[in-house]
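Please take the sequence and the model that follow and read them side by side.

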Amino acid sequence: MIPFIVGCALFMQMLDATVVATAIPAMAASLGTTAVQMNISITSYLLALAVFVPISGWAAERFGARRIFITAIVLFSLSSIACAVSQNLIQLVLARIAQGAAGAMMVPVGRIIMLRKTPKEDLLKAMAFLAMPALMGPILGPPVGGFLVTYASWHWIFLINVPVGVLGIYLVMRFIREELPTTSPRMDWPGFILSAVCLAALVSGFEAIGHQGISTIQVLLLLATGLVCGVLYIHHARRCDQPILDLSLLRIPSFAVSILGGNLCRFMVGSMPFLLAILLQVTFNFSAFLAGLITFTGAAGALIMKVVATRIIERFGYKAVLTWNALISGLFVVLCALFQNSTPLWVMVAILATGGIFRSLQFTAVNTLTYAELNSSQMSKASTLAAMAQQLGISLGVGCAALVLNLSMSWREATSLERVDVMWGFIVIGLITATSFFSFRRLPANATAALENKKRQQT
């Protein structure tokens with residue numbers, strides 16, 4: 001039940017992060033603003049996620065993971081209601097910031113609970129189950145958003161979080177036992193400020209790439225600010241006994257490989273819904289609902305892989321699966337560059353569904369690898385650091401895709417998007433995904449012994 005409960009929270013967060021994009025035109029008309037200005041409703045959510053993720057591990061250790069998890073679900077549900085009843089853009093942005101802060105606490109803390117209560121020999125199966133919401137959220141977002149906007153109203157894209165949140169609270173209270181904190185860690189306020197500014201500036205910079213309303217100088221200043229604060233935080237963490245982000249975990253080979261290689265793979269998580277929406281709706285003139293249904297087929301592939309991912313990884317091993325599957329996953333992203341208006345729908349569906357199969361396998365393996373060599377005392381800080389890195393990876397994917405589109409348009413000296421621009425976006429993202437092959441090749445042969453030996457002992 002624990003992976004299912006945490007999966008509910010993760011699905012709610014991932015769905016909310018993507019469903020808003022489809023509803024932006026309707027929301028802009030309702031709130032009396034423009035679609036361009038409505039982008040701040042997405043950026044503010046991502047910023048709040050980035051800023052508050054580092055504090056989640058400390059809060060779980062200080063007040064108890066179960067208590068923080070329930071509180072975060074309650075706040076996420078209440079802020080979703082606040083989003084739905086917003087009367088203007090300012091109210092919506094404030095509600096989205098609260099929603100992002102709750103989401104930043106909800107998912108990492110839920111993962112901490114799962115890691116603490118799941119034996120190492122069962123971790124692969126638990127991660128296989130937990131990977132599904134992360135994959136399905138961005139894919140289900142477009143069709144769900146398109147359907148609700150078309151047949152109901154944009155308010156329902158937020159209100160659907162409420163019943164999921166109520167279910168999550170009931171399941172947590174019913175199946176997860178409270179564990180009182182045994183320590184009272186000191187809050188690393190200098191580290192929190194430096195990491196918050198670093199993450200906020202970097203995410204803002206990545207999201208601003210390609211936005212016509214923001215100059216290149218402003219983007220570079222944001223990125224430079226983020227990098228400077230990042231360097232200052234590294235210097236601070238080396239001198240602090242209990243840093244809010246424990247960078248010493250990167251000395252563990254499996255953890256370091258999963259962060260680098262896994263984040264290169266996560267470029268496609270952030271960019272694929274973005275590129276497919278532009279390709280299908282802008283260049284092919286498909287309706288939002290039809291485009292969303294086509295994109296959804298990737299979730300079907302992920303569901304298929306959920307059944308067999310554990311057996312494949314146990315049969316071939318983590319290193320073999322991660323290295324070669326990285327190339328295959330990148331290939332299926334590149335294949336999307338071949339889509340044309342005349343391409344039969346069944347061909348698009350087949351490629352997206354098959355790509356979803358291999359993406360699901362990749363993230364099941366990499367998410368389990370992250371915690372392969374960690375002990376129980378390291379799980380909290382590792383979950384926080386991994387969640388922060390994942391957020392950066394997804395934001396980088398969106399920013400990189402937007403940058404490629406703009407560069408392609410500039411090269412053609414064009415003012416409107418065409419299929420060739422999106423084609424280059426798929427190619428670049430696919431190649432970046434494939435480069436994770438070199439990171440996973442560095443994985444030591446014995447890095448997953450803690451996962452595999454216990455399984456052998458049981459058999």
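A residue is called buried when its relative accessible area is under 20%, exposed when that area is over 50%, and partly exposed in between, using a 1.4 Å probe and counting protein chains only. The model shown here is predicted, so that local features need a pLDDT of at least 70 and side-chain atom pairs count only at pLDDT 80 or more, while totals for chains, interfaces and linings use all residues. Residues are numbered from 1 along each chain as its sequence is written, and side-chain values use heavy atoms, with hydrogens and water left out.

We can begin with aromatic rings. Rings of Phe, Tyr and Trp (for Trp, the six-membered ring) count as a pair if their centres lie within 6.5 Å, and the pair is stacked if the planes are under 30 degrees apart, edge-to-face if they are over 60, and tilted otherwise. Searching the whole structure gives 8 aromatic pairs. One of them joins Phe 147 and Tyr 151 in a tilted arrangement, with 5.0 Å from centre to centre and 45° between the planes. Both residues belong to helix α5 (residues 123–151), where they are 4 residues apart, or about one turn of the helix; helices here are DSSP runs of H or I with at least four residues, strands are runs of E with at least two, and both are numbered from the N terminus. Phe 147 is partly exposed because its relative accessibility is 41%, whereas Tyr 151, at 55%, counts as exposed. Trp 154 and Phe 158 make an edge-to-face pair, 6.3 Å centre to centre with 90° between the planes. Trp 154 counts as buried because its relative accessibility is 4%, and Phe 158 is buried as well, at 0%. Elsewhere, Trp 324, Phe 437 and Phe 438 form one aromatic cluster.

Which residues make the nonpolar surface patch of about 560 Å²? They are Met 1, Phe 4, Phe 129, Leu 167, Tyr 170 and Phe 175. Helix α7 (residues 161–175) supplies the largest share of this patch, 3 residues, and Tyr 170 is placed in that helix. Patches are made of residues with over 30% relative accessible area and no salt bridge, with like charges joined within 9 Å and nonpolar side chains (Val, Leu, Ile, Met, Phe, Trp, Tyr) within 5 Å. A salt bridge, in turn, is a side-chain nitrogen of Lys or Arg within 4 Å of a carboxyl oxygen of Asp or Glu.

Now turn to the backbone. Most residues other than glycine have a negative phi. Asn 285, however, has a positive phi, near 60°, and is found in the loop between α10 (253–283) and α11 (288–316). Glu 413 also has a positive phi, near 55°, and its place is in the loop between α14 (379–412) and α15 (419–434). Asn 285 is exposed because its relative accessible area is 64%, and Glu 413 is exposed at 74%.

A loop residue can also be looked at from the side of burial. Thr 33 lies in the loop between α1 (2–31) and α2 (40–63), and it counts as buried because its relative accessibility is 17%. Leaving aside residues up to four places away in sequence, Thr 33 touches Ala 28, Met 38 and Leu 89, where contact means heavy atoms within 4.5 Å.

Note on methods. Accessible areas come from the Shrake-Rupley method with a 1.4 Å probe; for residues, only the protein chains shown count as cover.
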